[in-house]
Amino acid sequence: MLTALRKGSLWVWLSALIWGLGNLIRRQFVKGTLFLAAEAGVVLFTIQSGLYNLDKLTTLGTVAQQKVWNDEKSIFEYVDGDRSLNILLYGIITVAIVVFGLLLLRASVKSAYSAEQSWKKYGRAPTFEQDIKALLDERLQFSLLSLPILGVIAFILLPLIFMSSMAFTNYSVLDSKLVLFDWVGFKNFARTLSMNGSLGSTFWSVLGWTLVWALAATFSNYILGMLLALFINWKEIRLKKFWRFTFVLTVAVPHFVTLLIMRQMLQPNGAINVLLQNMGWIKEPLPFFTDTMWARITVILINIWVGVPYTLLQTTGILQSIPQELYESARVDGANPFVTFFKITLPYMLFVTTPYLITSFTGNINNFNVIYLTSTGLPRAVGSTAGDTDLLITWLYKLTIDNQYYDVGAVIGIMTFITLSIASLLTFRFSGSYRNEEGFR
Amino acid sequence: MSKQIKAKKSAWQKKPLHKRIGIILAHVVLALFAFLWLIPIFWVILTSFRATKGSYSSTFIPTAFSLDNYIKLFTDFSVFNFPQMLLNTLIVAAATCVLSTFFVISVAYTLSRLRFKSRKPLMNVAMIINLFPGFMSMIANYYIFKMLGWTNGPLLRLAMIAVYSGGAGLGYHIAKGFFDTIPIALDEAAMLDGCTKWNVLKKIIMPLSKPIIVFTLLNSFAGPFKDFMLAKILCGPNKDYFTVAVGMYQMLEREYIDQWFCSFAAAAVIISIPVASLFLTTQKYYSIGFSGSVKG
């Protein structure tokens, strides 16, 4: 854009003001008209409602819902006040449209410049037909990506911004701020991060457990799954395919089904306790979800049950792709199985699977299903919004959907993002694949 | 034939005794683990045929068996309309699978085989968005759809399809890994012969990519059958639009569990069969796509 403005003629400059002017001058009528129409749309929207929306966005509304005495009907009537949530949403959409307009402006200037260049070179600018053809050739990425990106912006990015911005408001059931709320800056962050106060202490304990859980869940799955894969790969094991099939079958059943079944089986009078009691091994039912320590270990075990076959599935292929020469030379050198595992198998696996480890760590921090469908976060202390097995993500669910503390919920969401970013940055930084990209090739 | 067996036997007999015991022990341990992993699945199959009602049973293996739980799912519509739920899920899944496969394949192909200025930045942005809990945008989506009035009536289906497939483009990694493994020389040769990039895509790469397209189609078709969280938030109390997952979760609510628990198990068996067979036919791609994506 800068080179376009520096080297372009007056027409290029004017194209920033009147979009498509540069194209119209160079006889690209369709393109120019399209630009012009887009500008008319954006400007019309901005004047009609955009400015109003942006203005409202600064205060999030001031007029509360009022009761007004209606003399004719002799009743109180409710007069609608401002609805902050709508104002926030419309404001964000307006900002998005303005950004889109700025991008169009940039496109207009660029297109005017390139039209001018080809005019100078060939005495004519590419026709509309040629432009369309280019969309299937050198600009294919544009045609392929625009719809998916539009989808991501509309259903992921804008909602994310919408939700994140709630973290800076007092949108919450507290003080009945559900209809009309205000910007409060970083107050919610301060409240959440402070060490004293009930919210802060809950946050730090939930964060601590989330990290412990994510580490335990990721590495237990990874190591046990790999050991299982190695075990089945051992040359003396018969019926390899059958064993793999048995374990993989458990991944094939939808997770929410198996998790809900686990929850039923582990209830105080569920199948497992019944079985153990009938066999006379225990007298009292085991407190799977009622005791903090038990509950935490139970969810980790459940996660091993869910996750190990998956790791088995994914690592078997890689294990078989480890160059056999490495093992042979190790055998010649007289290395025992333990040494080969720690010196060859594990480093190779770690090298190849670091991206997988990061995704699985991320997945575990956001592992809603395993917690929500089994322990539901229990056991929970009285008066707290989070239980002892609640992760940040399930707590976020409870805060927003069950309790309507949207402001704090949004803060928790942002904190989850920050935690994840730090964790993945650290792993990338210290992992082998970052330092030595060609290591094993 | 008999010679081979003899040869095998002798190889087995050649091994020292302690090694033979070790090998047998290894198989026993493996069988034990396999059994441990299969218990819940056995249990749900057993429960789905249990004749006695109620969520709890005093024995692990039921005392009497019947098909009533399955029949109830398809005849008793007083609280849960299971066929309706199946239909709802099918409609959403069919639309989602077409849309999201288109999104995923376009993004994966573009990022894998085309080179342009904003390629790296786009991948970085995708990575950053993926670090946000997907749940956050989901809650926000719910409020947006509520304002639009899409959370009631038939538009609810549209909302579900939009949310399931809208962000699909972000999950391009497995498919990209596949495209990365196709030699770039193919494209170059075709383009030297005057092929446009679109024709390279249409005539050369797509015919080679049937497996990954099938994988993506099946995977995104199974999505609405497996997802629970999003459908639950969007549906709220709208029973007419429940997907199978939401409906089954409701069957375990306190007021229904006594009457519906065994039918829950039956429903679990019914939906597990198609989802499991889809998974088993596509399982090899989990490994291939994964090792492929590392190369990219």
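As for bookkeeping, residues are numbered from 1 along each chain as its sequence is written, while chains are lettered from A and ligands numbered from 1 in the order in which they are written. Because the model is predicted, local features need pLDDT of at least 70 and side-chain atom pairs count only at pLDDT 80 or more, whereas totals for chains, interfaces and linings use all residues.

Chain A carries 19 helices and two strands; helices (H or I, at least four residues) and strands (E, at least two) are DSSP runs, numbered from the N terminus. With a radius of gyration of 30 Å, well over the 22 Å that the globule rule gives for 441 residues, chain A is more spread out than a compact globule. Here the radius is taken over C-alpha atoms, and the rule is 2.2 Å times the number of residues to the power 0.38. The C-alpha trace of chain A spans about 85 × 80 × 35 Å along its principal axes. Some 35% of the 441 residues count as buried, that is, with 20 or more other C-beta atoms within 10 Å of their own, the C-beta atoms being placed from the backbone. Among contacts between residues at least 6 apart in sequence, 65% join residues at least 24 apart; a contact means C-beta atoms, placed from the backbone, within 7 Å.

One helix of chain A gets its own mention. Helix α13 (residues 292-321) has 30 residues and reaches 42 Å from its first C-alpha to its last, close to the 44 Å expected at 1.5 Å a residue (the expected span is 1.5 Å times one less than the number of residues). There is still a kink of about 35° in α13(A), centred on Thr315(A), where the bend is the angle between axes fitted to the seven residues ending there and the seven starting there.

Chain A splits into domain 1 (2-185) and domain 2 (188-435), with bounds from an automatic or database domain assignment. The C-alpha centres of these two domains of chain A lie 42 Å apart. Their contact takes twelve residues from domain 1 of chain A and eleven from domain 2 of chain A. The domain 1 side has eight nonpolar, four polar and no charged residues, counting Ala, Val, Leu, Ile, Met, Phe, Trp, Tyr, Cys and Pro as nonpolar, Asp, Glu, Lys and Arg as charged, and the others, Gly among them, as polar.

Chain B comes to 14 helices and zero strands. Its radius of gyration is 25 Å, well over the 19 Å that the globule rule gives for 296 residues, so chain B too is more spread out than a compact globule. Buried residues make up 40% of the chain B total. Chain B is divided into domain 1 (16-71) and domain 2 (80-295), with C-alpha centres 33 Å apart. Ten residues of domain 1 of chain B touch nine of domain 2 of chain B. On that domain 1 side, α2 (17-48) and α3 (68-75) of chain B each supply at least two residues.

Finally, the two chains meet through 75 residues from chain A and 65 from chain B. Helix α7 (residues 140-165) of chain A gives the most to the chain A side, with 17 residues. By class, that side has 50 nonpolar, 22 polar and three charged residues.

Conventions
Buried ≥ 20, exposed ≤ 12 C-beta atoms within 10 Å, placed from the backbone.
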